[in-house]
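Reader: I have a new model open. Walk me through how to read it, feature by feature.

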Amino acid sequence: LSHFLTIFNHESERGAALLAGSILDELLLEILEAYLITSKSSRELIQGFNAPLGTFSSRNKACHALGLITDIEHEEIDIIRKIRNEFGHTWDIVSFDNNKINELTKKLSWRGPQDEENPINGQNFKMSAAMLVVDLMYRSRLVKKEKIQPKVWAHTLRSESE
């Protein structure tokens, strides 16, 4: 966490958006890996070329659908993903003052001092991203305790040893 925050706080606006998206995507991957059965098919679902759960968006949706992240986490991760895309999918100069990014940032919950009613967009983004990283950093360890186990179905004609 300390290493992430040190790097995160020294980044440009674009760098912060890209870094936040990258680490949240990585944490969602770790959560899914901790939950799904250990198998080749699980790995192929979440990693590699054309993996169905290989994108930031699909991992966010899958973690939410499986109950591994909360509604609020899901919504804020999606907002951060959209902000990351605004910064990452253009070569032109872009900032938190951009109208689209500004509107997205306003949708994030402000968790800073209550006397600061209108935080600067970059502050709100950084606070929300950092809080999500903190919330999800150890989630995979908790999720691993509830890891899905392969089931043995009594009505099948074949056994696993065949």
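Reader: How many helices and strands does the protein have?

Author: Keep in mind that this is a predicted model. The protein has 8 helices and 0 strands. Read from the N terminus, the order of elements is α-α-α-α-α-α-α-α.

Reader: What box do the C-alpha atoms fill?

Author: Along the principal axes, the box is roughly 65 × 35 × 25 Å. The protein exposes about 10,400 Å². Carbon and sulfur atoms supply 53% of that area.

Reader: What share of the residues counts as buried?

Author: The figure is 41% of the 162 residues. Look at the contacts too. Take those between residues at least 6 apart in sequence: 62% of them join residues at least 24 apart.

Reader: How are two packed helices described?

Author: Two values do it: the angle between the axes and the distance between the axes. Now the case here. Helix H4 spans residues 56–65 and helix H5 spans residues 71–88. They pack at about 175 degrees, with axes 10 Å apart. H4 is therefore roughly antiparallel to H5.

Reader: Which residues make the contact between H4 and H5?

Author: H4 brings Phe 56, Ser 57, Asn 60, Lys 61 and His 64. H5 brings Asp 71, His 74, Ile 77, Asp 78, Arg 81 and Arg 84. Sorted by class, the contact has 2 nonpolar, 4 polar and 5 charged residues.

Reader: Now Ser 58. Is it buried or exposed?

Author: Ser 58 belongs to helix H4. Buried means under 20% relative accessible area. Ser 58 has 14% relative accessibility, so it counts as buried.

Reader: Which residues does Ser 58 contact, leaving aside neighbours within four places in sequence?

Author: Pro 52 and Leu 53. With Pro 52, check the atoms: its backbone oxygen lies 3.3 Å from a polar side-chain atom of Ser 58. Ile 46 gives another distance to check. It is 12 residues from Ser 58 in sequence, and their C-alpha atoms are 9.2 Å apart.

Reader: Where is Ser 39 placed?

Author: Ser 39 sits in the loop between helix H2 (13–35) and helix H3 (40–46). Its relative accessibility is 18%, so Ser 39 counts as buried.

Reader: What does the side chain of Ser 39 reach?

Author: The side chain of Ser 39 reaches the backbone nitrogen of Ser 42 at 3.1 Å. A polar contact of 3.1 Å also joins the side chains of Ser 39 and Ser 41.

Conventions: Residues are numbered from 1 along each chain as its sequence is written. This is a predicted model: local features need pLDDT of at least 70, side-chain atom pairs count only at pLDDT 80 or more; totals for chains, interfaces and linings use all residues. Side-chain values use heavy atoms; hydrogens and water are left out. Axes are lines fitted to C-alpha atoms, for helices over the stretch in contact, and angles run from 0 to 180 degrees between N-to-C directions. Helices (H or I, at least four residues) and strands (E, at least two) are DSSP runs, numbered from the N terminus. Angles under 35 degrees count as roughly parallel, over 145 as roughly antiparallel, 65 to 115 as roughly perpendicular and the rest as oblique. Contact means heavy atoms within 4.5 Å. Ala, Val, Leu, Ile, Met, Phe, Trp, Tyr, Cys and Pro count as nonpolar, Asp, Glu, Lys and Arg as charged, and the others, Gly among them, as polar. Buried means under 20% relative accessible area, exposed over 50%, partly exposed in between (1.4 Å probe, protein chains only). A polar contact is a pair of N or O atoms within 3.5 Å; within protein, one must be able to donate a hydrogen and the other to accept it, and residues adjacent in sequence count only if both atoms are side-chain atoms. Accessible areas come from the Shrake-Rupley method with a 1.4 Å probe; for residues, only the protein chains shown count as cover.
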